Amino acid sequence: MAFKNSIAWYYFSSPKNFYPMAGRLIPWFWALSITLLVVGLYMGFFVAPTDYKQGESYRIIFIHVPAAWMSMLIYLVMAGYAIIGLAWKLRMAEMMASALAPTGAMFTFLALWTGAFWGKPTWGTYWVWDARLTSELILLFLYIGYISLQSAIDDPRRAARASALLAIVGVINLPVIYWSVTWWNTLHQGASVSPGMEPKMASDMLTAMMVMTFAFWTYTIAVVLMRVRRTVLERENQTSWVKALVGAPKEKSSEGEKQ
Amino acid sequence: MSKGAITQPSLFAAWRAMIVRDLTLAMRRRADVLTTLFFFIIVVSLFPLGVSPEMAVLREIAPGVIWVAALLASMLSLGRLFSDDYQDGTLEQMLLLPQPLSVLVLAKVLAHWLVSGVPLVLLSPLLGMQLGLDGDAIILMMLTLLLGTPVLSLIGSVGAALTLGVRGGGVLVSLLVLPLYIPVLIFGTGAVDAATSGMEFEGHLSLLGAFFVLAALLTPLATAAALRISVE
C-alpha cells in the first residue's frame, strides 16, 4: 500500500506527468472555490446575526480571519515544499514553493487591509500597533523578501534553491518573531480587542468563516496550479514533451523574429 | 604523517588562520570600517534634529534610536562579509577545503563582528550620553549591544551569502535580513526601557543570550548551505 502510494508521488513529481494532472484539477478547484465563496459570503453577510457590540462592521472578519489564516498556512506549506525541494532536489517541489509565494503575499496584504477597515470603526484608527497586525506586517515583509530574492536571481535553479533556503530560515524565525512581537505588545499597551474572537461565537458565524476559509483554500490551490503550470512550461522548455505540447517549430520561429 | 606529502591543518588552525586573515584584510582597509562607524554616528545624530532637541524626549527614544542605527550599520557592513572573496575566487577555494564550511563561516562571522560590531558597542556610550541616557542605562545598553550585535552578524551572514553576486544585492539583503532582526531589536531596547522604568531586565538579557546561542548554532549551517547554492 505504502509502496504503491510512493510510486504515485514519484510519478507526479515529474513535471511531465504533473502538468496534465494539474490541468485536469484546475477547473474543479475553481468551481469548488466559487461555489464556496458565494455560499460563504451569503452566510456571512445575510445569515450570520449582527454582533451586539460591533454592529455590522464586524462582518469583514469573514474575509479578514480566513485571509490571515491562509497567509500563515501558505507560508508553512511553502516552507514545506522548500524543504522537500532542497532535500530531494525535486524540481516540482521547488516550483510549487515559488508559485505559492505571490498568493500568500496577497492574502497577507488582504488580511492587513481588511484589518485596517475593521479597526477604523472598532478602534477608531486604521492602524494600531497591535501584536497581530504587527506580526502580519512582518509576515508580509518575509513574503516580499522571498519574492524579491527569487526575482533578483536570473538562473531559475539557483533562484529556487536560494529562496527555498530563505523560506526555511523564515519559518524557523516566524515563531520567535511572533512571540517577541506579542510580548513587546503586552509590555507597551494593555490588552486590545481582538477581531471578533469571542469564545461563544454564534455557530452561523463560525460556519460562514469555515466556508470562507475553504473557499480561499481551494482558490489558492487553483491559482497555484495555474501558476505552476506556467512555470513548468518556462523551465522545461528544452524538453521534448513541452516542445511537442506547444508545437515548437512554429513557436520558436516566431519567438526568433520577436527577438 | 609518514606519507606526508600534504599535511592537513587541524580544524582549529584553519579556524584561527581564517580569523587572522580576515582581520588583516580589514585592517588594510580601515576606511571601510570607519565608514560604517560614521554612518552609525550620523544616523543617531539626525534624530535630535528630526524629532526634538528636548532631553526628556531624547532619553525616551534613545535605546530604540541607537539600536535601530546599530541594526542598519551592521546590515550595511554585511556586503564586505563574502563579496570580496566571491569576486576574486577565494570563496570557491574555501568551499573546497576539507574542513567543514560551517565552522569556517563561524570564523568569518566572528572576524566580521570584531571589526563591525565591537566598534559599535564601544562607541554607543558616547551616543547614549548625547541622547541623555544616564550611566547605568548606558552600561546596560552596551551589554545588550554586546549580546545582540553578534546575533545580527550571524543572521546577516545568511542574507549576505544568499545575495552574493545578485543584482542590487545591497538593497535586497536589507529586505531579507531586517525582518529577522526584529526579535533582537525588541529585547535589546526592551532591556534598557525596563531598567529605566525600574523593572526587571535580567530576563531580556537571558533571552538575548539565548538568541545568540541559537544563532551561533544554526546560522553557520544555513550560511554554508547558502554559499554552496550561490557559488555552485
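The bend at a residue is the angle between two axes, one fitted to the seven residues ending there and one to the seven starting there. That angle is used in the second legend. The model shown is predicted.

**Figure 1. Chain B is built from helices.** Its secondary structure comes to nine helices and zero strands. Along the sequence the pattern reads α-α-α-α-α-α-α-α-α. The C-alpha atoms of chain B fill a box of roughly 70 × 35 × 30 Å along the principal axes. Buried residues make up 47% of the 232 residues in chain B. Take the contacts in chain B between residues at least 6 apart in sequence: 79% of them join residues at least 24 apart.

**Figure 2. Helix 3 of chain B bends at B:Ile61.** The helix covers residues 55-76, and its bend is about 55°. A proline, B:Pro63, follows within four residues of the bend. B:Pro63 is also one of the buried residues of helix 3 of chain B. Others in that buried set include B:Ala62, B:Val65, B:Ile66, B:Trp67 and B:Leu71. B:Ser74 and B:Met75 belong to the set too. Among the elements covering these buried residues are helix 2 (30-50) and helix 6 of chain B. Helix 7 (135-162) and helix 8 (169-196) of chain B also take part in the cover.

**Figure 3. Helix 1 packs against helix 6 in chain B.** Two packed helices are described by the angle between their axes and the distance between the axes. Here helix 1 (residues 11-28) and helix 6 of chain B pack at about 35°, with axes 9 Å apart. The crossing of helix 1 of chain B past helix 6 of chain B is right-handed. From helix 1 of chain B, the contact includes B:Leu11, B:Ala14, B:Trp15, B:Met18 and B:Ile19. From helix 6 of chain B, the contributors include B:Val103, B:Leu104, B:Ala107, B:His112 and B:Val115. By class, the residues of this contact divide into 14 nonpolar, one polar and two charged.

**Figure 4. B:Val115 sits in helix 6 of chain B.** That helix spans residues 101-130. B:Val115 counts as buried because it has 22 C-beta neighbours inside 10 Å, and the cut-off is 20 or more. Beyond its neighbours within four places in sequence, B:Val115 is in contact with B:Leu23, B:Ala26 and B:Val33. B:Gly50 lies 65 residues from B:Val115 in sequence and 30 Å from it in space, C-alpha to C-alpha.

**Figure 5. A:Ile26 lies in helix 2 of chain A.** This helix runs over residues 15-47. A:Ile26 is partly exposed, because 17 other C-beta atoms lie within 10 Å. A:Ile26 and A:Ile221 are 195 residues apart in sequence. In space their C-alpha atoms are 7.9 Å apart. Leaving out residues up to four places away in sequence, A:Ile26 touches A:Ala222, A:Leu225 and A:Met226.

Conventions
Residues numbered from 1 in each chain as written. Chains lettered and ligands numbered in written order. Predicted model: local features only at pLDDT ≥ 70, side-chain atom pairs only at ≥ 80, totals over all residues. Helix = DSSP H or I, 4+ residues; strand = E, 2+ residues; numbered from the N terminus. Buried ≥ 20, exposed ≤ 12 C-beta atoms within 10 Å, placed from the backbone. Contact = placed C-beta atoms within 7 Å. Axes fitted to C-alpha atoms, helices over the stretch in contact; angles between N-to-C directions. Left-handed = near helix turned anticlockwise from the far one by under 90°. Nonpolar A, V, L, I, M, F, W, Y, C, P; charged D, E, K, R; others polar.
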